[in-house]
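Visitor: I would like to learn how to read a few features of a protein model. Please take them one at a time.

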Amino acid sequence: MKILNVEQIRALDAYTIENEPISSLDLMERASNAFVRWFCNQFVNTRPVAIFCGKGNNGGDGLAIARILSSNSYDVQVYIIEYTDKASQDFQSNLARLKDHLQPVSVTAQGSFPTLAPNVICIDALLGSGLSRPAEGLLAHIIDSLNALPNKLVSVDIASGLYTDKSNQKDDPIIEPHFTVSFQLPKLAFMMPQNSKFVGSWHLVDIGLHEEFIKNAETPYHYTDKRTAEKLIKPRDRFSHKGTFGHALLMAGTYGKMGAAALSGKACLRSGVGLLTMHIPSCGYDIIQISIPEAMAITDQNAKHLSEVTDLTSYSAIGIGPGVGKDAATVQVVEKLLDGINADDINARLIIDADALNILSENRHLLDKLPENTVLTPHPKEFQRLAGESQDEFERLQIGIDFAKKHKVIICLKGANTAVILPNGEVHFNSTGNPGMATGGTGDVLTGILTSLLAQKYEPETAAILAVYQHGLAGDRAADQRGQSALIASDLVEHLGW
């Protein structure tokens, strides 16, 4: 699913109006009906509704929503915020239609904000996605007043005051909704952790915007939903054998952190790899042989950490990092591994995670040795050490894009809506996962999934997008069964499903 910028959203609306064809007023009606269908499934009509409308097209949506809700037996009150003498044509048309159903109240001064009972559901239709400067004056006062209420608050398309595809300033007045009901496609702003309280739980409603325009629109930003992810999964031929699905090597573990190796190895096997070999310090031999009997084990000559690189010729993918630590000998292992993979007779794909990423950050010359399409899986702090600091998530994303292009690598920047950044500058945000996954070991699981998919000859870009999606989906399944607070990394392995 594509994520379009403000200019493209406007162009998409205009293209739909011209080529469907449909009037802008009728398209607004369609969008308002889609919003109301979602709303009626969420809130019963015994709850009164207060709708706060600006005087642009977002306000026009609000007026149409008010009329439709009123026709569905909701007790609706509309407040029009008189911050300007100008109003859009579709706003005026919907205002005329509304007056046959109810009489709106004009709010002209900061002291005239209404008193609302706690059970009233508030709908924010003040400002839309085309916002170009911060809200001020009366609008800013209304935003602050709505945020101060205990009432449920729903934003139409996007929270008023929130920029669609750039960063707000810290003190900008922005609605803090419980829900955002957005039209057709997600907004880039929804993907940024800094905007969490300005988005709430967001939902898409289909308003029938023109599919041809969406198909041809060029954008670096994409959203991986269920339909997208399921198309990436390769079917298995009935005559397949274990050699068909690759041989993975996982280099993992140190004394005291063999659990990371075990989690990664189990996830690799659960993700369909044909064969798995684990290179581990010798202290972990019994642990791996007992906990993962399906894996083969190569023990390092060092008891507590990795200090050598095995023969790489038989592997189709190599993952390194879970629990490996940063011993000086392990630093040398990372460099020897990079040199080995760059040799002409090695065709393995590479995944680098955890302390192996920190080794790259502390030994910058190693970045120049990364093979093309190496997959890096940093969490935000690891990424900061690797690529540099940023003032906000929008800047961090751009730093990630520049880093991926420069080094020709794939970055899985972990977090809510994990961003898979490709060497061509594309970014694929993930739709699965939950806060329960913020616990030790879940990153090791992702490394195992990635290593498995690459061993199975998935293209690196596809492997990264699909692995991140399946990782989050396993977390969602586990949270449904155990709850988010009780979720641990082992639960993800047990809930992987293909």
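Visitor: Is Ala354 buried or exposed?

Guide: Start with the cut-offs: buried means under 20% relative accessible area, exposed over 50%, and partly exposed in between (1.4 Å probe, protein chains only). Ala354 has a relative accessible area of 15%, so Ala354 is buried. Ala354 is found in helix H11. Helices (H or I, at least four residues) and strands (E, at least two) are DSSP runs, numbered from the N terminus. Ala354 also has a positive phi of about 55 degrees, although Ala354 is not a glycine.

Visitor: What should I know about the source of these values?

Guide: This is a predicted model, in which local features need pLDDT of at least 70, side-chain atom pairs count only at pLDDT 80 or more, and totals for chains, interfaces and linings use all residues. Residues are numbered from 1 along each chain as its sequence is written, and side-chain values use heavy atoms, with hydrogens and water left out.

Visitor: Which residues does Asn358 touch?

Guide: Contact means heavy atoms within 4.5 Å. Not counting residues up to four places away in sequence, Asn358 touches Lys326, Glu382 and Arg385. Asn358 is in helix H11 (residues 354-362). Asn358 counts as buried because its relative accessibility is 7%.

Visitor: With which side chain does Asn358 make a polar contact?

Guide: A polar contact is a pair of N or O atoms within 3.5 Å; within protein, one must be able to donate a hydrogen and the other to accept it, and residues adjacent in sequence count only if both atoms are side-chain atoms. The side chain of Asn358 has such a contact with the side chain of Arg385, at 3.1 Å.

Visitor: Where is Asn168 placed?

Guide: Asn168 sits in the loop between strand E5 (153-156) and strand E6 (179-183). Its relative accessible area is 12%, so Asn168 is buried. Leaving aside neighbours within four places in sequence, Asn168 is in contact with Gly161, Leu162, Tyr163 and Ile174. A polar atom of the Asn168 side chain lies 2.9 Å from the backbone oxygen of Gly161. The backbone nitrogen of Tyr163 lies 3.0 Å from a polar atom of the Asn168 side chain.

Visitor: How many residues has the largest nonpolar core?

Guide: In soluble globular proteins, nonpolar side chains tend to be buried together. A nonpolar core is a set of buried Ala, Val, Leu, Ile, Met, Phe, Trp, Tyr and Cys residues joined through side-chain atoms within 4.5 Å. The largest one here has 77 residues. Those with the most contacts inside it are Phe52, Ile318, Ile352, Leu360 and Phe429. Apart from this core lies another, of 49 residues, among them Leu276, Met278, Val445 and Leu487.

Visitor: What does Leu360 touch?

Guide: Leaving out residues up to four places away in sequence, Leu360 touches Val334, Leu338, Ile352, Leu366, Leu367, Leu370, Leu376 and Leu386.

Visitor: How far apart are the end C-alpha atoms of helix H3?

Guide: The expected span of a helix is 1.5 Å times one less than its number of residues. Helix H3 (residues 57-71) has 15 residues, so at 1.5 Å a residue it should span 21 Å; its end C-alpha atoms are 21 Å apart, which agrees. H3 is mostly covered, with 12 of its 15 residues buried. Among the buried ones are Asn58, Asp61 and Arg67. Just after H3, Ser73 takes a positive phi of about 70 degrees.

Visitor: Which residues cover the two faces of strand E15 as buried positions?

Guide: In strand E15 (residues 410-413), Ile410 and Cys412 are buried on one side, and Ile411 and Leu413 are buried on the other.

Visitor: In which sense do E14 and E15 pair?

Guide: Two strands pair if DSSP finds at least two bridges between them. Strand E14 (residues 375-376) and E15 pair in the parallel sense over two bridges. Val375 stands opposite Ile410 in E15. E15 and strand E16 (residues 419-421) run antiparallel, joined by three bridges. Cys412 has Val420 in E16 as its bridge partner. The hairpin of E15 and E16 has five residues between the strands, and Gly415 there takes a positive phi near 150 degrees.

Visitor: Which peptide bond is cis?

Guide: The bond from Glu20 to Pro21 is cis, with omega near -15 degrees. Pro21 is found in the loop between helix H1 (6-19) and helix H2 (24-42).
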